[in-house]
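Work through the exercises below with the sequence and the model side by side. Try each task before reading its solution.

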Amino acid sequence: MMIDPLLLLQAYALGVFPMSDDRHAEDIYWVEPKKRAILPLDGFHLSHSLAKTLRRDRFRVTANRAFPAIVTLCAEAAADRPSTWINGPIEQGYRHLHELRFAHSVEVWEGEELVGGLYGVALGRAFFGESMVSRRTDASKVALAWLVARMRFGGFTLLDCQFMTDHLHSLGAAEISQQNYLQLLGDAVADVPLGEGRSVLSAGSGAAAELAFDPLSGLAEETDSPLAPAFTVSGPVSGHAIAQLLTQTS
């Protein structure tokens, strides 16, 4: 079964997302939580230890360089997570959205080894975080820190975390009502022409996602932005600059 990409995007715009009961389950179902976890982009909690990790550039961080590998890593069983909700149709659906430039990943590398990251869907000025994974201490925190910083640079207004966890709460996530979430969501996707049918699939995520992810993907060109070059040009991006931005805005 293949999840239609337009249906998937329309569901996100309504506050609904797919899940499965198990990695090996065949069916999916649609979820609309009564309480929603979001991470305010000006409220990311940057601990001293995480700031030190960022500034030392212990990890190399990229975007959209290894999307299929990140989804597969997120779907793998682990000691604290014997099974996941990412089944075959869901994995295939997000790979398709990535090919259409709506789904994006942030990858964390130690040398040439992929040791963590996250992926989600960008639509307008909203990013819907789907899953994150860590195979080294702080790897998922580093990915989220970079995501928040890049989203701020891109002009996003909503980072949806779906369900609250202790891990997300420690990083600044807050739980809000469905009504408040839908108000934030409506503002964030107001300019996305989903009513125009399948033609929207050719447009990709839009300008906010390009600003946020292209510099980490090796696709950005130099600009006259007043921000530090580390945020705007192709190639390596400084962890020190990421920590500095988060310190200024958190």
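**Exercise 1. Find the residues of α3 and α4 that meet, then describe how the two helices pack.**

Start with the contact, meaning heavy atoms within 4.5 Å. Phe 67, Pro 68, Val 71 and Thr 72 in α3 meet Glu 91, Tyr 94, Arg 95 and His 98 in α4. Sort these residues by class: four are nonpolar, two polar and two charged. Here Ala, Val, Leu, Ile, Met, Phe, Trp, Tyr, Cys and Pro count as nonpolar, Asp, Glu, Lys and Arg as charged, and the others, Gly among them, as polar.

Before going on, note the source. This is a predicted model, where local features need pLDDT of at least 70, side-chain atom pairs count only at pLDDT 80 or more, and totals for chains, interfaces and linings use all residues. Residues are numbered from 1 along each chain as its sequence is written, and side-chain values use heavy atoms, with hydrogens and water left out.

Next, take the axes. Those of α3 (residues 67-75) and α4 (residues 88-99) come within 10 Å and cross at roughly 155°. Axes are lines fitted to C-alpha atoms, for helices over the stretch in contact, and angles run from 0 to 180 degrees between N-to-C directions. Helices (H or I, at least four residues) and strands (E, at least two) are DSSP runs, numbered from the N terminus. The crossing angle makes α3 roughly antiparallel to α4. The cut-offs: under 35 degrees is roughly parallel, over 145 roughly antiparallel, 65 to 115 roughly perpendicular, and the rest oblique.

**Exercise 2. Describe how α1 packs on α4.**

Angle first: α1 (residues 5-13) and α4 pack at about 90°, with axes 10 Å apart. That makes α1 roughly perpendicular to α4. Now the residues: Pro 5, Leu 8, Leu 9 and Tyr 12 in α1 meet Tyr 94, His 96 and Leu 97 in α4. This contact has six nonpolar residues, one polar and no charged ones.

**Exercise 3. Which residue forms a salt bridge with Arg 135, and what does the pair tie together?**

A salt bridge is a side-chain nitrogen of Lys or Arg within 4 Å of a carboxyl oxygen of Asp or Glu. The whole structure has eight. In one of them, Arg 135 pairs with Glu 76, the closest N and O atoms being 3.5 Å apart. Arg 135 lies in the loop between β7 and α5 (139-154) and Glu 76 in the loop between α3 and α4, so the pair ties together parts 59 residues apart in sequence.
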